[in-house]
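My notes are kept in the order in which I looked things up.

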Amino acid sequence: MDLSQWLLFILVVQLIHAAGTWKFYVQAGRKAWEAAVPIYNAIVLMKIIKRPTWWTFLLFIPIINLIIIPVVWVETLRSFGKKSLLDTALAVLSLGFYLYYVNYTQTLTYREDRSLHPETKAGETVSSILFAVVVATFVHTYFIQPFTIPTSSLEKSLLIGDFLFVSKFHYGARVPNTTVGAPMVHDTLPIIKTKSYLYDNENPNSWKNKFELPYLRFPGFESVKNNDIVVFNWPADTVAKFFTKDRKYLKPVDKKSNYVKRCIGIPGDRLQIKDGIVFINGKQLILPERAHPQFSYEVAYDHNQLTDLTPFLEENDVTDGGYFKNNDPKSDTLYIAALTEKAATNLKAFPGVKSVNRMISKQPDLSVFPQTKPWNIDNFGPIYIPKAGITVPLNLTTLPFYKKIIRDYEHNTLAIKEGQIIINGKPANSYTFKQNYYWMMGDNRHRSEDSRYWGYVPEDHIVGKPIFIWMSIKNFDKGFKEWRIRWDRLFTTVNGEGEPQSYFKYFLAALALYFVGEYFWKKRKKETEA
């Protein structure tokens with residue numbers, strides 16, 4: 001829905017509220033018209049049910065309001081003596097319309113002095129759980145969200161099995177597009193494995209999809225920079241399940257699969273890749289010290305001298321892909337899928353190794369963006385990374401670069417008639433971008449599905465910035481019995497200079513100090529009371 005449609009929807013909701021609750025207001029000593037004034041009616045209602053005024057704010061936060069609104073229905077009934085389990089169930093199951101029945105058929109007596117504390121242990125437990133879910137959802141949505149690294153595309157910087165805290169306030173938190181969904185889960189409900197949100201993936205024009213909010217981001221205190229590691233929603237995601245190639249499953253932006261890559265190019269940059277080396281605006285991109293780009297290598301060896309490479313791979317922490325030999329039994333060549341430059345240098349001194357050469361793609365690959373150029377993952381571009389407000393020439397040659405932007409990300413109609421590009425029904429020979437775009441790549445250059453395949457990442461797909469690794473499990477993708485904790489990665493920062501340093505021992509010291517301090521404080525308090 002656009003802004004005018006949302007305003008109309010909110011107005012209708014307010015009228016429904018007023019028609020079903022005006023008598024509650026009157027019996028509580030307020031005026032009937034107060035039930036019909038948007039926002040003010042919520043503030044007054046919070047006074048009636050003896051809840052803090054700031055609860056009003058929660059009524060307008062997507063997802064959280066799905067929890068708070070039923071609570072307000074129940075609290076309203078209890079403020080007028082309707083506190084049985086049946087009253088509670090009818091209020092929730094009728095989506096609040098039980099209040100209509102009470103409003104027009106029951107004699108109401110306002111309980112101004114009612115206790116706000118649950119009368120039963122079960123009620124207290126439910127109240128505590130609801131409060132915890134609201135707080136956790138708020139933090140999860142607007143401040144910090146946990147993520148797990150499932151793939152090796154940023155190997156060496158972030159490892160498979162790293163558990164991250166991702167800041168959403170660095171770049172500014174997004175208001176969720178999806179207004180009706182389960183709290184604190186992404187696109188799938190655990191255990192039952194069904195969709196966690198209201199959306200019709202088969203019919204984009206369904207009424208279910210009308211409840212999407214337009215893109216809105218709160219101000220952040222920094223912008224995405226070259227070399228930042230960024231979590232974002234995968235622009236090309238139309239799959240029902242992650243890693244399942246189902247190309248017709250539509251999703252809201254905030255429910256697309258989460259990816260983590262390094263931002264190589266920012267809005268306004270010109271990017272080119274030459275023999276695997278990235279150039280930005282004509283200059284080689286210098287990666288930070290913690291980044292360790294990896295490539296595939298061809299290794300020539302002596303049959304009689306070469307022994308098992310496994311010790312070398314373990315010593316150099318080659319965790320992705322291992323190695324494989326040429327299928328020809330007479331061949332003296334093997335291939336290693338992912339080596340850093342340092343590891344490649346070390347390999348040259350390994351007994352039996354004759355030479356180690358980085359493999360560079362030379363043949364055109366039409367699976368590479370924009371699928372019309374004789375490029376490949378190692379030799380690519382140059383291309384322009386779109387910036388909001390900038391106008392570019394548009395013709396049949398440049399259109400493949402910007403087609404998804406125009407049609408899918410910025411929601412215009414696009415057609416070609418007799419060689420003429422038609423946008424929103426009008427001929428066009430240029431286009432002005434409405435938002436910023438970014439270019440994301442993995443450090444594991446030959447084993448990363450990234451912007452080289454699916455192009456630009458829109459600004460409205462940016463989720464946040466990884467800041468902290470709180471847990472790291474080796475062999476995370478091999479089953480529970482193989483899991484091993486990487487103690488040296490616990491409580492390490494994602495960014496920064498030098499090798500990552502674990503702050504886990506400081507955390508344990510602070511935790512111990514807290515418990516010791518609490519023990520002596522309680523002991524002193526008990527002695528004082530005695």
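The entries below go from the helices to the strands and then to single residues.

**Entry 1: ground rules.** I am working with a predicted model, in which local features need pLDDT of at least 70 and side-chain atom pairs count only at pLDDT 80 or more, while totals for chains, interfaces and linings use all residues. Residues are numbered from 1 along each chain as its sequence is written, and side-chain values use heavy atoms, with hydrogens and water left out.

**Entry 2: the largest core.** I looked up the largest nonpolar core, which has 36 residues. A nonpolar core is a set of buried Ala, Val, Leu, Ile, Met, Phe, Trp, Tyr and Cys residues joined through side-chain atoms within 4.5 Å. Buried means under 20% relative accessible area, exposed over 50%, and partly exposed in between (1.4 Å probe, protein chains only). The members that touch the most others are Phe-24, Ile-48, Leu-58, Ile-68, Val-72, Leu-77 and Phe-80. Helices H1 (3–27), H2 (40–48), H3 (55–58), H4 (64–78), H6 (98–105) and H7 (121–142) each supply at least two residues of this core. Which helix gives the most to this core? I found that H4 does, with eight residues. Helices (H or I, at least four residues) and strands (E, at least two) are DSSP runs, numbered from the N terminus. I also noted another core, lying apart from this one, with 31 residues, among them Ile-273 and Leu-285.

**Entry 3: H1 against H2.** I found these two helices packed at an angle of about 35°, with their axes 12 Å apart. Axes are lines fitted to C-alpha atoms, for helices over the stretch in contact, and angles run from 0 to 180 degrees between N-to-C directions. Gln-14, His-17 and Tyr-25 of H1 make the contact with Asn-41, Val-44, Leu-45 and Ile-48 of H2. Contact means heavy atoms within 4.5 Å. Not counting residues up to four places away in sequence, Ile-48 touches Tyr-25, Ala-28, Arg-30, Ser-79, Phe-80 and Tyr-110.

**Entry 4: a sheet.** I then turned to an open sheet of three strands in the order S14-S15-S16, with antiparallel pairing. Two strands pair if DSSP finds at least two bridges between them. S14 (414–417) and S16 (426–427) are the edge strands, each pairing on one side only. S14 is joined to S15 (residues 420–423) by four bridges, and Lys-417 stands opposite Gln-420 in S15. Helix H10 (residues 399–409) packs on the sheet and touches S14 and S15; its direction makes about 135° with that of S14.

**Entry 5: strand S1.** In a regular strand the side chains alternate between the two faces of the sheet. Five bridges join S1 to the antiparallel strand S2 (residues 162–167), where Leu-164 is the bridge partner of Phe-147.

**Entry 6: Ser-448.** Is Ser-448 buried or exposed? I found that Ser-448 counts as buried because its relative accessibility is 5%. This serine lies in the loop between strand S18 (437–441) and helix H11 (451–454). Its side chain makes a polar contact with the side chain of Asp-450 (3.0 Å). A polar contact is a pair of N or O atoms within 3.5 Å; within protein, one must be able to donate a hydrogen and the other to accept it, and residues adjacent in sequence count only if both atoms are side-chain atoms.
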